[in-house]
Amino acid sequence: MAGGTNTSVRLAQLRVKEALETGAEVLATACPFCLLTLEEAVKHLNADDKIRVMDIAEIANQAL
């Protein structure tokens, strides 16, 4: 299981880097596990000031 978690963290960091390269300010997900791993990846990459990870329900709520 620990190996899977490491893989998830590395993949999340890759996804955050890809999102940053596009100029995205928000990275959206509907998966609670992905939300946590992506938030950790943003912190690990010191990108808190560049991109925000949000649940799609949170985005929808803001649109109301």
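Tutor: Helices (H or I, at least four residues) and strands (E, at least two) are DSSP runs, numbered from the N terminus. This is a predicted model, in which local features need pLDDT of at least 70, side-chain atom pairs count only at pLDDT 80 or more, and totals for chains, interfaces and linings use all residues. Residues are numbered from 1 along each chain as its sequence is written, and side-chain values use heavy atoms, with hydrogens and water left out.

Student: Where is Gln-13 placed, and why is Gln-13 called buried?

Tutor: Gln-13 lies in helix α1, residues 2-22. Buried means under 20% relative accessible area, exposed over 50%, and partly exposed in between (1.4 Å probe, protein chains only). Gln-13 has a relative accessible area of 15%, and is therefore buried.

Student: Which residues does Gln-13 touch beyond four places in sequence?

Tutor: Contact means heavy atoms within 4.5 Å. Gln-13 touches Ala-41, His-44 and Leu-45.

Student: What makes a set of residues a nonpolar core, and which residues form the largest one?

Tutor: The set must consist of buried Ala, Val, Leu, Ile, Met, Phe, Trp, Tyr and Cys residues joined through side-chain atoms within 4.5 Å. The largest such core has eleven residues, including Ala-12, Leu-27, Ala-41 and Val-53. Its largest share, four residues, comes from α2.

Student: How do you know that the span of α2 agrees with expectation?

Tutor: The expected span of a helix is 1.5 Å times one less than its number of residues. The 13 residues of α2 should span 18 Å, and the end C-alpha atoms are 18 Å apart, so the two agree.
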